[in-house]
Amino acid sequence: MSKLIGPDLTRYSTLFALLAVIVIFAIVSPAFLSMGNLSNILSQSAVLAIVAVGLTFVIASGGIDLSIAVSFDIGAMTAVLLMKSGMNWLPAVLIAIGAGVLVGFFNSLLIVKVKMTPFLVTLGTLFIGESIEKIMTRGGEPLYLPGAGEWFQFLGRGSLFVVGGDDGGRIDFKFSILVAIAVALAAHFLLSRTVFGRQLYALGDQKEAAALSGVPVHKYTFYAFLLSGGICALAGIIGSSVLTSFVPLSGRYYLLDAIGAVFIGSSLNRQGHANIPGTLIGVLFFGIVANGLNLSGINFYWQSVARGVLIFLILYLDSAAARRRLRPAKTKAA
Amino acid sequence: MNPQIRKNQPVGVLSSFIFKYSGYLIFILVALYFAARSPAFLTLQNVKNILLQSSALGIIACGMTAIIVGGGSHVVRGGIDLSLANNMALNAAVTSFMVASGYPVWVAIGTALAASILVGAINAFSVVKLGFIPLLGTLSMMYILQGVQLLITKNTVISISDPFLKAVANGALFGIPVAVWMFAVSGAAVYLLFHRTVLGNWMYAAGGNPDAARAAGIPVHFVVALTYIIGSITAAAASLIIVSRLSGTVPGVGDLMLLDVLLAGLMSAIFSRLAQPNIAGTVLSALFVGMLSNGFTLINVPTYWVFAIKGVLILGAVSITTTQQRKVMRHV
């Protein structure tokens with residue numbers, strides 16, 4: 001099994017927990033396991049997946065990025081504003097991604113040059129960015145994009161293929177799923193197959209040791225935040241294409257889920273490294289839980305409780321498994 | 001840098017002064033700016049207002065700082081409690097619900113306190129015994145608490161009226177509001193605990209280097225667990241102020257506060273010579289945040305600009321201080 005998934009996932013307990021959750025939902029609600037619903041879960045998870053992949057780079061480098069919410073929104077806002085002013089969709093999207101990269105640049109500048117802690121820097125950026133959104137949208141009104149081009153709409157709403165009729169058996173494979181998969185594959189390649197990835201993990205494990213052994217610490221911190229900013233802006237653009245509008249402050253909605261997904265993913269790895277397969281499993285976990293709780297008709301108020309309890313259980317299983325394995329030679333959690 | 005040059009360069013009196021007090025200088029400059037722009041700013045009544053507005057934030061931020069100190073300031077694995085603001089909101093929900101259903105106010109406050117401490121104990125258990133990353137363990141607790149609040153309040157505003165809570169909201173002792181007294185007393189208590197007792201030294205040691213602390217015989221697990229309990233008690237104290245001032249509870253009151261609490265806790269380092277989180281700095285940071293909100297309202301800055309200016313000022317303050325501290329640290 002480890003050959004199948006790769007060296008990143010060395011702890012299976014979380015996977016089994018995920019399977020158990022799936023089985024429970026399948027029993028409670030027969031519609032859950034239909035192909036139509038599974039493809040629903042995937043398309044509902046695509047945007048969160050892209051955000052979480054972006055965040056994975058920063059967390060792998062030993063930092064944290066709360067401003068992913070802002071990169072997400074700035075990406076969406078820039079794209080929508082540019083297209084509103086008559087720009088073609090492709091340059092608008094590219095400039096919007098650039099705007100996200102700029103957010104990452106601002107963060108890393110303060111972190112690398114001024115040596116502020118990433119938590120504070122990105123928290124400050126979050127405050128500033130959300131305020132800019134409100135200023136641009138007269139206090140937070142959505143910006144609608146009625147005349148959006150077909151190509152732009154295809155980004156978030158288009159289907160690659162549709163199988164089956166209009167009933168529950170309909171499988172709708174959205175284009176956005178493909179984008180998420182492509183981004184994830186590229187990120188996985190970068191993190192696991194390149195010198196950049198290896199050194200980024202070294203930086204995350206032991207910054208001083210990494211610097212002494214020749215890792216260009218500053219440059220890589222920059223790269224991690226630029227990647228995070230750009231990728232999250234892409235997620236925001238896809239999100240705005242799904243809604244054909246820009247809704248201010250919608251990035252906040254993804255912030256904590258993305259952090260949760262990346263950390264669930266890192267708990268799957270023996271060294272505790274944030275990694276792409278793990279992140280995707282974390283994202284799927286959130287998608288499956290939200291979808292399954294909805295289908296099983298549980299009171300909306302209980303859904304948040306259930307989500308927290310399930311994360312707690314996964315963490316518990318993971319730590320119990322780790323303790324069992326590590327009992328003879330206890331390693332310290334750095 | 002050439003060590004020879006470093007040795008021969010004396011630390012300037014001015015630069016060491018700026019280094020020691022840059023956090024305070026920024027605080028005073030901003031206050032002076034507001035005072036120049038609005039005559040109402042430096043009146044006794046307005047200063048009281050600022051203290052009143054910062055009291056709940058300040059109390060709970062002391063709890064956050066305690067947790068950051070005990071867990072260490074590592075970005076990912078360090079001590080943090082994302083559920084702290086929602087713990088306060090849970091406390092507010094329990095108190096309001098029980099008073100609204102006719103229980104005596106003391107029973108309500110006692111039950112709510114027990115609930116908050118239980119939450120803190122679960123966090124402590126999951127971090128210390130089960131070895132969860134604090135960020136993630138408390139994140140899951142935050143989701144749970146958000147749901148429990150919805151279950152208790154049914155997502156509605158609960159309004160209560162109670163003589164004791166009214167006294168907390170409107171009462172004053174020697175002309176100083178009760179909430180400000182609570183802020184002062186809890187700030188002083190946590191300050192004494194952290195900076196004047198052995199236990200406080202243990203907490204800094206546990207956060208700084210857990211292995212070394214353990215080797216020195218410090219009960220690291222107990223100390224770290226204690227910080228989460230302290231945090232939950234501050235959440236309960238802050239909730240009392242919130243409940244009395246709002247005459248009940250409003251959905252989402254915790255989510256609004258989380259980032260400000262984190263900010264005040266982390267920003268406390270700029271008021272410290274060692275650039276470490278500390279209680280006095282936390283109190284000042286909470287007052288700084290409260291002063292910014294108050295001052296911008298007085299000089300009529302549109303509300304959606306406030307957050308941007310707040311963010312820029314905070315980043316500015318922290319970056320100036322960090323740079324100053326680095327410049328002088330080099331000479332030490």
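B:Met291 touches B:Phe27, B:Val30, B:Ala31, B:Phe34, B:Phe41 and B:Ile50, leaving aside residues up to four places away in sequence; touching, or contact, means heavy atoms within 4.5 Å. This is a predicted model, in which local features need pLDDT of at least 70 and side-chain atom pairs count only at pLDDT 80 or more, while totals for chains, interfaces and linings use all residues. Residues are numbered from 1 along each chain as its sequence is written, chains are lettered from A in the order in which they are written, and side-chain values use heavy atoms, with hydrogens and water left out.

**Chain B overall**
- Chain B has 14 helices and four strands, taken as DSSP runs (helices H or I, at least four residues; strands E, at least two) numbered from the N terminus.
- Of its 332 residues, 53% count as buried (buried is under 20% relative accessible area, exposed over 50%, partly exposed in between, with a 1.4 Å probe and protein chains only).
- Among contacts in chain B with a separation of 6 or more, 75% join residues 24 or more positions apart.

**The nonpolar cores**
- In the largest nonpolar core, of 157 residues, A:Leu200, B:Phe288 and B:Met291 touch the most other members; such a core is a set of buried Ala, Val, Leu, Ile, Met, Phe, Trp, Tyr and Cys residues joined through side-chain atoms within 4.5 Å.
- Helix 3 (residues 35–60) of chain A gives this core its largest share, 14 residues.
- A second, separate core has 20 residues, including B:Ile67, B:Met203, B:Ala206 and B:Ile230.

**Where the chains meet**
- Chain B brings 46 residues to the contact and chain A brings 51 residues.
- Together the two chains bury about 4300 Å², 79% of it on carbon and sulfur atoms (buried area is the accessible area, 1.4 Å probe, that two parts lose on being put together, summed over both).
- B:Tyr143, B:Tyr304 and B:Leu315 supply 16% of the area that chain B buries against chain A, more than any other three residues.

**A closer look at B:Leu193**
- B:Leu193 sits in helix 8 (residues 178–195) of chain B, and is partly exposed, with a relative accessible area of 23%.
- B:Leu193 touches B:Leu199, B:Gly200 and B:Ile230, not counting residues up to four places away in sequence.
- B:Leu193 and B:Ala66 lie 127 residues apart in sequence and 9.9 Å apart in space, C-alpha to C-alpha.
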